[in-house]
Amino acid sequence: MTGELKAPGALAWTAGLSYNFSKKFFMTANFSQARVYDCSALGGDSYRYATYATVNGFYNLTGDFRVGAECIIGKRHNYDGTSGHANRFEAMMQYSF
């Protein structure tokens, strides 16, 4: 061990789209990945890459009131081959004064 600090290389990208079905309703979708390279100095359980996807929709009930929902799916992969995932569903209401 030399005591030097080295930042590993990393690459991340994302792609998304949005579609307006009407003046009151729209949806978006997103997919992304982040990857870390050359982590040989770290343990096998260190982060290698992760993928992430979302789909959400929003509906304007009135000019001041909006509701929405989102589904999120994510998965992490480590250098030793282990992985984990997290899924989430969210809903929201917004009222503008």
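Strands β4 and β5 run antiparallel and are joined by 13 bridges. Strands are DSSP runs (E, at least two residues), numbered from the N terminus, and two of them pair if DSSP finds at least two bridges between them. Within this pairing, Met92 in β5 is the bridge partner of Gly68. β4 and β5 form a hairpin with four residues between them, and Gly81 in the turn has a positive phi of about 95°.

The model is predicted: local features need pLDDT of at least 70, side-chain atom pairs count only at pLDDT 80 or more, and totals for chains, interfaces and linings use all residues. Residues are numbered from 1 along each chain as its sequence is written, and side-chain values use heavy atoms, with hydrogens and water left out.

Strand β3 (residues 47–60) pairs with strand β4 (residues 65–78) in the antiparallel sense over 13 bridges. Here Tyr59 stands opposite Val67 in β4. A hairpin is formed by β3 and β4 too, with four residues between them. At the other end of the order, β1 and strand β2 (residues 25–36) pair in the antiparallel sense over 11 bridges. The bridge partner of Ala15 is Phe31, in β2.

Together, five strands make an open sheet in the order β1-β2-β3-β4-β5, with antiparallel pairing. β1 and β5 (83–95) are the edge strands, each pairing on one side only. From one strand to the next, the twist averages 10° (axes are lines fitted to C-alpha atoms; angles run from 0 to 180 degrees between N-to-C directions).

Seven aromatic pairs occur in the structure. Rings of Phe, Tyr and Trp (its six-membered ring) pair if their centres lie within 6.5 Å; planes under 30 degrees apart count as stacked, over 60 as edge-to-face and the rest as tilted. The Tyr19 and Phe21 rings have centres 4.8 Å apart and planes at 75°, so this pair is edge-to-face. Tyr19 is partly exposed, at 49% relative accessible area (buried means under 20%, exposed over 50%, partly exposed in between; 1.4 Å probe, protein chains only). Phe21 is partly exposed as well, at 48%. The rings of Phe65 and Tyr95 have centres 6.5 Å apart and planes at 50°, so the pair is tilted. Phe65 lies in β4 and Tyr95 in β5, so the pair ties together parts that are 30 residues apart in sequence. Phe65 has a relative accessible area of 25%, and Tyr95 one of 46%. Ring pairs also link Tyr19, Phe21, Phe25 and Tyr59 into a cluster.
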